[in-house]
Amino acid sequence: MNYEAYFETALDALRDEGNYRVFAELERPVEQAPQAVQLTEGARRPVTVWCSNDYLGMGKSARVREAVARTALADGAGAGGTRNISGTAHLHVELERTLARLHGKEAGLLFTSGYVSNWASLSTLGAKLPDCTILSDAKNHASMIEGIRHSKANKVIWKHNDPEDLDRKLAALPAHGAKIVAFESVYSMDGDISPMAEIVEVAEKHGAMTYLDEVHAVGLYGERGGGISQREGLADRITVIEGTLAKAFGVMGGYIAASAALCDFVRSFASGFIFTTALPPALAEGARVSVEHLMASNAEREAQQRNVARLRAQLDHFRIPHMENPSHIVPVVVGDPFKAKFLSDTLLEHYGIYVQPINYPTVAKGTERLRITPSPLHTEADIMHLSRALSDLWSQCALSRAVA
């Protein structure tokens with residue numbers, strides 16, 4: 001077999017479909033955020049980043065950066081091993097206690113990323129619980145899907161954000177055997193929010209555990225940044241809350257918060273936890289400082305919400321169609337991979353605006369989009385520049401505008 005030819009053919013097919021991904025190479029000086037510098041073909045040009053998952057700019061926070069630097073200088077660059085073999089630092093334990101406190105749970109368990117925390121936790125629970133069935137929302141993240149698949153548990157998919165369909169699917173299962181209802185709070189591509197109270201009630205009615213991915217909500221919602229479950233007063237009724245430290249908290253890592261026994265169970269059986277090097281203690285300390293700050297401060301959340309409202313108002317003014325949702329994510333659906341890439345490329349090259357196109361398989365074909373994430377660091381001038389640029393290109397591409 002000609003392996004290289006196979007690889008090239010597969011890549012050419014992606015290009016022909018408009019789904020080949022090109023990375024923007026950036027330098028991101030902290031004092032200029034959300035402005036960055038793009039490096040391309042030996043040239044450097046300033047760009048404003050509009051698609052970052054550092055939703056609150058905490059990755060640029062002086063207190064977070066100082067915590068990381070101070071700890072790295074004192075403790076070293078890495079953890080030195082897995083959590084089981086010399087790699088558990090006191091700072092890991094302190095962060096896990098902080099995360100448990102954030103969500104009002106008995107314990108927390110730290111992973112190297114949100115992807116790994118979902119994959120490891122769901123695969124372990126699904127594999128080990130007797131006669132387990134995992135009921136997965138139809139739009140769950142790839143990390144949850146991979147964890148469920150790896151568990152080899154019975155899988156049932158229920159209609160997206162549809163508690164009635166979930167109720168029917170649960171009622172059809174045998175009374176014996178474990179059941180896990182897996183869903184998200186904020187769905188990252190459409191920005192919609194799950195009807196959490198209804199889902200929890202259905203799960204409780206059938207004796208099912210609930211596994212909630214709060215990755216795109218922690219830090220952003222709730223009086224202390226505990227996510228939608230905290231905002232809705234439901235955290236104590238959720239069995240497992242999963243989150244990330246790499247988005248609103250601005251650092252790196254993933255975690256679960258749950259009962260002490262459940263966290264210990266996953267710690268003891270999850271290969272994705274046992275056999276991987278621990279998160280660097282410096283990053284753990286930076287994350288802890290970020291979480292503690294956002295537990296006490298609403299300023300960043302309020303500033304972000306104001307900028308989300310300002311951007312939506314400007315898009316409405318220029319009649320740029322965007323998906324309505326109650327979250328901080330502003331999806332501008334283009335519906336064509338080539339046009340989405342053209343818009344992204346032109347915004348970058350001619351307007352100094354960086355918004356990555358989101359194509360298949362991240363979203364369904366025909367729903368390709370620009371996914372915009374305003375932060376507290378964007379100015380009103382930034383918002384106006386983006387809105388006018390989109391309006392110019394909407395005319396240039398003869399795209400349909402929203403009805404006035």
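Predicted model: local features only at pLDDT ≥ 70, side-chain atom pairs only at ≥ 80, totals over all residues.

Student: Which radius of gyration does the protein have, and why does it agree with a compact globule?

Tutor: The protein has 404 residues, and a compact globule with that number would have a radius of gyration near 22 Å. The C-alpha trace spans about 60 × 55 × 55 Å along its principal axes. The radius of the protein agrees with the globule value, because the protein has 22 Å.

Student: What percentage of the residues of the protein count as buried?

Tutor: A residue counts as buried if its relative accessible area is under 20%. The protein exposes about 17900 Å², and carbon and sulfur atoms supply 53% of that area. That is a share of the surface, whereas the question concerns residues: of the 404 residues, the buried part is 53%.

Student: Which strands are at the edges of the open sheet of four strands?

Tutor: The order of this open sheet is 1-2-3-12, with mixed pairing. An edge strand pairs on one side only, and that applies to strand 1 (26-27) and strand 12 (353-354).

Student: Which residue of strand 2 stands opposite Glu 27?

Tutor: Strand 1 pairs with strand 2 (residues 35-40) over two bridges, in the antiparallel sense. Within strand 2, the residue opposite Glu 27 is Val 37.

Student: Where does the cis peptide bond from Ala 33 to Pro 34 lead in the structure?

Tutor: The bond from Ala 33 to Pro 34 is cis, with omega near 10°. Pro 34 is placed in the loop between strand 1 and strand 2.

Student: Why is strand 5 largely enclosed by the rest of the structure?

Tutor: In strand 5, Thr 133, Leu 135 and Asp 137 point one way, while Ile 134 and Ser 136 point the other way. Both sets of residues are buried. Strand 5 (residues 133-137) is therefore largely enclosed, the number of its five residues that are buried being five.

Student: Which residue of strand 6 stands opposite Leu 135?

Tutor: Strand 5 and strand 6 (residues 154-158) are parallel partners joined over five bridges. In strand 6, the residue opposite Leu 135 is Val 156.

Student: Which residue of strand 14 stands opposite Pro 331, and which opposite Ile 358?

Tutor: Strand 14 runs antiparallel to strand 11 (residues 330-333), with four bridges between them. Strand 13 (residues 357-358) also pairs with strand 14 in the antiparallel sense, over two bridges. Opposite Pro 331 stands Arg 371, and opposite Ile 358 stands Arg 369.

Student: Is Asp 131 buried or exposed?

Tutor: Asp 131 is in the loop between helix 5 (114-128) and strand 5, and its phi is near 50°, a positive value in a residue other than glycine. The cut-off for exposed is over 50% relative accessible area. With 57%, Asp 131 is therefore exposed.

Student: Is Asn 161 buried or exposed?

Tutor: Asn 161 is in the loop between strand 6 and helix 7, and its phi is near 55°, again a positive value in a residue other than glycine. Its relative accessibility is 18%, so Asn 161 counts as buried.

Student: Which residues does Asp 167 touch, not counting residues up to four places away in sequence?

Tutor: Asp 167 belongs to helix 7 (residues 163-171). With residues up to four places away in sequence left out, Asp 167 touches Val 202, Lys 205 and His 206.

Conventions: Residues numbered from 1 in each chain as written. Heavy atoms only, no water. Rg over C-alpha atoms; globule rule 2.2 N^0.38 Å. Buried < 20%, exposed > 50% of the residue type's maximum accessible area, 1.4 Å probe, protein only. Areas by Shrake-Rupley, 256 points an atom, 1.4 Å probe, with all protein chains shown as cover. Pairing = 2+ DSSP bridges. Contact = heavy atoms within 4.5 Å.
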